[in-house]
Amino acid sequence: MSNPGLYADWPSLLKDRRLLLIVTGGVAAFRAVDLARRYLRAGAQVRVAMTEAGTRFVTPLTFEALTHQSCVWDMWSRPQAEIGHVAWSEWAEAVVVAPATANFLAKCAQGLADDFASCLMLAHEGPKLMAPAMNTGMWLNPATQANVRLLMERGLEVMVPPCGRLASGRIGPGRLPHPKAILRRTAWLLGPKPLKDKVVVVTAGATWESWDDIRYLSNRSSGQMGLALAQAAWLMGARVILIAGPSLEEPRWSGEGFDLIRVETTQRMLEAVLKSFPSVDVLVMSAAPADFRPRRVAGKIKKDQLDQTSLVLEQTPDILKTLSQRGQAPHQLVVGFAAESEELLPRARAKLVDKGLDFIVANQAGGPRSAFGAPDTQVWLLSRDGEELEIGPGPKFGVAWALWEKLVEKINS
Ligand code: CTP
């Protein structure tokens with residue numbers, strides 16, 4: 001039956017987690033305010049520490065007003081001295097440095113502890129994430145790169161600062177990663193990793209089949225369920241390839257083990273799936289590829305040409321059937337979806353057999369409970385060995401998370 005603990009969305013993974021945010025002295029320090037707000041909105045408990053240089057860009061009062069906690073930057077002046085760095089480092093489940101300056105990276109690489117923030121870094125024994133931001137020259141300098149390598153070798157997560165226009169006006173790498181990207185990396189850092197070292201391919205959304213230069217055939221799939229499944233797999237530690245049709249809105253979620261491949265037609269989706277399949281541990285076909293395509297694609301059909309126009313359709317390739325004819329390695333798991341307007345479970349089970357799947361996820365198409373384009377869903381997970389599990393109704397991310405929990409059990413058994 002339905003699972004009560006379904007997550008509303010991926011930031012809910014941070015609910016009640018204890019985060020320590022360290023803000024060091026760079027122009028990007030103002031964006032740490034946005035990051036702190038996002039952590040708080042996700043339900044995390046947040047404390048902020050700053051370097052002295054950081055306080056020149058944003059006042060500690062700003063963070064105190066947001067977090068309702070003291071913001072510490074000075075080891076020696078009272079009442080700050082009463083707040084021990086050891087107590088704070090032990091309180092925190094994770095420490096996040098944003099922005100991390102070249103100087104702070106260098107200090108951490110050397111194990112220096114000459115202020116409250118660097119003492120915290122040295123004392124904290126749990127996961128640590130650094131989001132650097134600096135001038136391009138400083139970032140590319142071999143000294144900084146060597147420090148980053150050293151920190152990563154020691155198990156710290158250091159994000160790659162994206163390219164863009166910097167405060168100096170120069171365009172190059174060195175921008176602070178977007179607060180949303182730091183937020184999801186934090187969720188990843190704290191998440192369980194049952195899919196670590198696994199490669200997961202998820203397909204999402206509808207494909208388009210051209211009729212003429214401006215018209216196409218498609219369906220109502222938004223791709224949200226596929227996106228939620230890809231996000232949940234990444235947060236569980238998998239390397240993810242999301243193959244999405246044009247109906248999926250730009251997810252702004254890529255890099256660091258999450259790749260997005262855009263395809264337009266069912267044929268192109270087939271090619272992308274076949275190309276990635278040899279290295280895949282789990283394939284989840286949640287896409288709704290168009291089943292038919294016009295036999296002939298014309299230039300733009302004019303309004304007055306209706307009487308000369310006929311729409312003759314042919315079938316597109318069935319991706320799952322093509323795969324099952326080629327066979328899969330014993331460790332590979334293939335999961336399909338079934339969208340049915342009636343006789344949901346019997347038809348889904350028939351598809352599971354017909355397409356040679358390990359699992360099928362059945363969901364309702366059409367009617368008031370249709371999952372298509374809706375934020376919530378309810379699914380039934382059917383396995384090859386006859387198991388049946390109902391998940392939801394609930395938000396698509398929560399249902400996706402619960403589906404992966406079940407699939408992980410299968411992978412581990
Ligand atoms: N699928 C596929 N290739 C297609 C169409 C669908 O691999 N050309 C996959 C879907 O991604 C899904 C499963 O097959 O995992 C079932 O899709 P569904 O649309 O429910 O069924 P169809 O196979 O298209 O059959 P029908 O439309 O007759 O129900």
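Let's start at E340, which belongs to strand β16, residues 333-340 (a strand is a DSSP run of E with at least two residues, a helix a run of H or I with at least four, numbered from the N terminus). This is a predicted model, where local features need pLDDT of at least 70 and side-chain atom pairs count only at pLDDT 80 or more, while totals for chains, interfaces and linings use all residues. Residues are numbered from 1 along each chain as its sequence is written, and side-chain values use heavy atoms, with hydrogens and water left out.

Is E340 buried or exposed? E340 counts as buried because its relative accessibility is 8% (buried is under 20% relative accessible area, exposed over 50%, partly exposed in between, with a 1.4 Å probe and protein chains only). Its side chain also makes a polar contact of 2.5 Å with the side chain of K351 (a pair of N or O atoms within 3.5 Å; within protein, one must be able to donate a hydrogen and the other to accept it, and residues adjacent in sequence count only if both atoms are side-chain atoms).

Now for the ligand. K351 turns up again here: along with M285, A287, F337 and K355, K351 is among those that come nearest of the 16 residues around the ligand (near means a heavy atom within 4 Å). Backbone N or O atoms get involved too: one from P317 lies 2.9 Å from a ligand nitrogen, one from L320 lies 2.9 Å from a ligand oxygen, and one from F337 lies 2.8 Å from a ligand oxygen. Which element gives the most? That's β16, with four residues.
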